[in-house]
Amino acid sequence: MYKSFYLLFFLSVLVSCDKKDKEKILDELSLSDNSSTKTISQDPSSPVDLSLDDITNTALPNEAYTFDSNLIFIDTTSSQQGKFDSAVELIKKVVGTEEFRSAVLNHSYNGVKTFVDNGGLSNAQIYERILEAAERLFPLKNNAMDMEVQLYTNLSTNVVGYTNTGTKRIYVNTKYFNVYAANSVAANLFHEWLHKVGFGHAYTYSPSRDYSVPYAIGRMIGKMGVKYL
Amino acid sequence: MKNLFLLFLLSCFTVAFAQVSHVEFDENLERECYAEALKLECIDNKESVIDECLEKKKNSFSSNCRNFHDERKSRKTH
């Protein structure tokens with residue numbers, strides 16, 4: 001009886017680990033020769049402890065200034081890496097501004113200070129979640145974006161990028177990446193990262209979807225980032 | 001003990017099959033095709049594009065939007 005259970009368990013583990021996850025594990029263990037990985041910053045720091053008072057105080061919280069990233073880029077050329085590096089720097093600069101905090105805290109939909117698909121959180125709580133930066137998969141509040149980014153090319157599709165909930169990796173289509181300026185790449189990275197933190201949006205376009213957390217805040221990064229290009 | 005083991009197995013299957021995919025499409029194209037769907041009255045009162053309507057009025061859409069809707073539908077059903 002138990003032998004059957006063990007067999008079933010083994011099969012379920014096989015199903016849950018798809019090919020991409022295996023590649024990821026190989027990358028992390030440096031067993032794969034054909035993937036060049038680059039880490040932008042070092043290991044996460046100690047957990048962040050933010051209160052709502054810190055968020056709404058007159059002074060910008062320290063975590064806005066120290067917001068960081070632990071991004072691993074898979075198979076990027078030096079020029080692609082350069083664009084990603086600029087995008088990441090731009091994200092940090094924007095998050096470290098009062099303009100960004102104010103835009104998140106005062107974001108409104110239909111005259112109410114709220115986001116669409118906000119998961120029951122207030123604007124201040126959403127801002128707090130961003131600064132804490134605890135991804136669903138690895139919920140450590142380390143004040144840093146933790147993600148893997150892999151470029152792929154599909155010219156016949158209209159997909160800019162995608163990710164799945166069960167992985168820390170996001171996939172970015174070079175069809176769009178190659179023509180995007182760094183602020184648009186930053187907007188896309190932040191949008192995808194907000195999914196990792198747990199925010200979703202409607203699958204198809206609608207005017208209200210623009211007010212969801214990933215779209216609205218991703219767009220803020222893109223717009224405010226223009227001045228850092 | 002046996003029940004605990006079954007519970008563990010169940011949670012493994014849940015993790016294996018409950019993955020949600022987030023796909024970001026070209027926003028400009030999305031807007032363009034939403035506007036077309038609006039004109040052809042293929043949007044319901046919850047601002048959702050109605051797939052059956054798109055299928056029925058397929059020939060009235062531009063080729064760009066036809067392709068887009070096909071791709072969107074195929075990504076959704078995968």
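Reader: What makes F67(A), F100(A), Y127(A), F190(A) and W193(A) a cluster?

Author: In this predicted model, these five residues, F67(A), F100(A), Y127(A), F190(A) and W193(A), are linked into a cluster by ring pairs, where rings of Phe, Tyr and Trp (its six-membered ring) pair if their centres lie within 6.5 Å, and planes under 30 degrees apart count as stacked, over 60 as edge-to-face and the rest as tilted. Over all chains, the structure holds 14 aromatic pairs.

Reader: Why is the pair of Y162(A) and Y171(A) called stacked?

Author: The ring centres of Y162(A) and Y171(A) are 4.9 Å apart, with 15° between the planes; the limits are within 6.5 Å for a pair and under 30 degrees for stacking, so the pair is called stacked.

Reader: How do you know whether Y162(A) is buried or exposed, and what about Y171(A)?

Author: Buried means under 20% relative accessible area, exposed over 50% and partly exposed in between, using a 1.4 Å probe and protein chains only. Y162(A) has 13% relative accessibility and therefore counts as buried, and Y171(A), with a relative accessible area of 5%, is buried as well.

Reader: What makes the pair of Y205(A) and Y34(B) edge-to-face?

Author: The ring centres of Y205(A) and Y34(B) lie 4.9 Å apart and their planes are at 85°, so the pair is edge-to-face. Y205(A) lies in the loop between helix 9 (182-197) and helix 10 (213-225) of chain A, while Y34(B) lies in helix 2 (residues 27-39) of chain B, so the pair joins two chains. Helices here are DSSP runs (H or I, at least four residues), numbered from the N terminus.

Reader: Why are the buried residues of helix 2 of chain B said to be on the same side?

Author: The buried residues of this helix are L29(B), E30(B), C33(B), Y34(B), E36(B) and A37(B). They cover an arc of only 160° around the axis, which puts them on the same side of helix 2 of chain B; the arc is that of the directions from the helix axis to the C-beta atoms. On the other side, N28(B) and K39(B) are exposed.

Reader: Which conventions should I keep in mind?

Author: Residues are numbered from 1 along each chain as its sequence is written, and chains are lettered from A and ligands numbered from 1 in the order in which they are written. Local features need pLDDT of at least 70, side-chain atom pairs count only at pLDDT 80 or more, and totals for chains, interfaces and linings use all residues, while side-chain values use heavy atoms, with hydrogens and water left out.
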